[in-house]
Amino acid sequence: MYTALYRTERPETFDQVLGQDHIVRILKNQVKTGTVGHAYLFCGTRGTGKTSVARILAKAVNCTGEGEKPCGECPNCRAIQNGNFLDVIEIDAASNNGVDSVRELRESVNYPPSIGRRKVYIIDEAHELTTHALNALLKTLEEPPEGVMFILATTDPQKLIQTILSRCLRLDFHRISEEDLKGHMKNICDKRGVEITDEALNLLTSNADGSARDGLSLLDQCLSGGDKFLDRDLVLDYLGAVSDDFYIRLTDCIIEGDVSSALVLLDEVLREGKDVKQVLAGLVGHYRSLLVGQFVENPESMLNMSKENVDRLVIQAKSIPLEEINRSIMVLANAVNNARYSTQPRILTELAIVTLASGIEAKENAVSKARIVPVKKNFQEKPPVKVAEEKPPAIIAEEKPQAPAPDKKTAAESVPEEMARDNGAESNTDLEDLWSQVWDKIDDLGSVTMVRINSSLAGLSQSDFKVLITGGVSMMIAEKNRDILEEAMSQVVGRPLKMVLKEGEAKKNAVQESFFTLEENREEESLWDEMDADAPGVEWDEESEDSLDESLKEEIESKLNISVRVED
């Protein structure tokens, strides 16, 4: 049976590891000095050599050969390489991620190594272990029996609990550089008698994206055709990708606004069997190249294309404004993300091309910036404040359910667009009326009444509204009831807004005026003076007092939306 290239070319010693010199240096020194730890955590993206290095380390601690370890020739090294060494146990955490699997592991570690010097557990995709399984592994991982070591490999270390991370020596694997990958692929082709051009190697390494396994899989795909000479065009054909010339011509159609030619050009390459997702990803990369071409004087070293195409790309880049490149990349990136989970990626690709060529979004943005929303005021008239004629007894406020508020238009119709900026409100009256509408939306005021009395709306923006509050107690109550106030404001303006509280001198509102008026009347009214109560012509009896009480109760209830009780 044929063995895949990434398996036959797997490194077997530290010196063969590709692009991880910083890790090889640490492990070789630990093996040489006898300071190998009991728990390691190998982190890194796919195809960077985590499992391969774990096996090499397992060989090194069990190698019986002379000289540098692992030797790769002794019986233990060969057995580990063939996967039949009893003391090296590889566990796939993705399919063995429960507490029961960890319990079996904890029981097996109590047995000493049967053949080698150390029993090595390699747990691949360790982040797939459940939290309970990781907690069950903690004690064993921290203090394993003599002769036992753990190597955890993961692509997502942030999913591991902190107590696991603190018990392991963490080594981070880097993406493999394109130069290292090119040299490795070139050596493989030479051993197989295949000639490959530098342009073809550049294309393969750029598609590998720093992963040796991905790069070797792509090379294996190209070598499977039996060709003894691989150039860029042949590699493009094997990968299902398209040439740089296609992207340059397609971008020319987009720049000129020729939607028809752009769609026909796309149809031609798809008829040839090219993968639409690959074409879409390549178009994003082409706009990235345009961005580089605008700012880098000699972009050949940064762009994976021929000298002739680089010259054409630089000319094209100079004809596109930077804002247009930015817009195009955002539109295409959104299309790539949506196409990833779509059953109709071609439609999304065609829509993205039409959007770019016709400038739909750019036109919509220009119209939205120029649009002015007319002011439509529909605030209800506030009733005049009544003035009490007589001084009331002590009044204590109690909570009263609010009657349903009359229908009002949303702020999208009643608040001018100029109020979208903090200091751009048309007048203070607009803010006062808007703040009044907010309180009408709150059915159950309770202690929030104090906030209503001591607050005023200071500004309104696209994302928040600013409230000035007088007094620390009112500020505390407002913060405690933030969700209620933000929900009421969102009902009025038609969009969610964040409340920003600032302590300061709040502007007097109608509710405050009612209190101040009542307070002034209480101070000025001569009937409050006992001497005046006995003055000739003044009659003060229980019936007149009850009448005054009832009048004041109605006054305060209508202003503050609370019920009152009168104490003697």
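Predicted model: local features only at pLDDT ≥ 70, side-chain atom pairs only at ≥ 80, totals over all residues.
1. Contact between H12 and H15. Sorted by class, the contact of H12 with H15 has 5 charged, 3 polar and 2 nonpolar residues.

2. Geometry of H12 and H15. Helix H12 covers residues 244-256 and helix H15 covers residues 307-318. The two pack at an angle of about 15 degrees, and their axes are 11 Å apart. H12 is therefore roughly parallel to H15, because angles under 35 degrees are put in that class. The crossing in which H12 passes H15 is left-handed.

3. Geometry of H10 and H11. Helix H10 (residues 212-223) packs on helix H11 (residues 232-239) at an angle of about 105 degrees, with a spacing of 9 Å between the axes. That angle makes H10 roughly perpendicular to H11, since the class runs from 65 to 115 degrees.

4. Contact between H10 and H11. From H10, the residues Leu218, Gln221 and Cys222 meet Val235, Tyr238 and Leu239 of H11. By class, this contact of H10 with H11 has 5 nonpolar residues, 1 polar residue and no charged ones.

5. Disulfides. How many disulfides does a search of the whole structure find? The search returns 0. For Cys43, the closest cysteine sulfur belongs to Cys168 and is 8.9 Å from that of Cys43, which is too far for a bond. Cys77 is in no disulfide either; the nearest cysteine sulfur, that of Cys74, is 3.3 Å away. The pair is not counted because the cut-off for a disulfide is 2.5 Å between the sulfur atoms.

6. Burial of the two cysteines. Are Cys43 and Cys77 buried or exposed? Cys43 has a relative accessible area of 2% and is buried. Cys77, at 0% relative accessibility, also counts as buried. Both calls follow because the limit for buried is under 20% relative accessible area.

7. Lys119. This residue lies in strand S3, which covers residues 119-124. With a relative accessible area of 8%, Lys119 is buried. Leaving out residues up to four places away in sequence, Lys119 touches Asp87, Ile89, Ser108, Tyr111, Pro112, Pro113, Gly147, Val148 and Met149. Lys119 and Leu86 are 33 residues apart in sequence, and their C-alpha atoms are 8.4 Å apart in space.

Methods:
Residues numbered from 1 in each chain as written. Heavy atoms only, no water. Axes fitted to C-alpha atoms, helices over the stretch in contact; angles between N-to-C directions. Helix = DSSP H or I, 4+ residues; strand = E, 2+ residues; numbered from the N terminus. Parallel < 35°, antiparallel > 145°, perpendicular 65-115°, else oblique. Left-handed = near helix turned anticlockwise from the far one by under 90°. Nonpolar A, V, L, I, M, F, W, Y, C, P; charged D, E, K, R; others polar. Buried < 20%, exposed > 50% of the residue type's maximum accessible area, 1.4 Å probe, protein only. Contact = heavy atoms within 4.5 Å.
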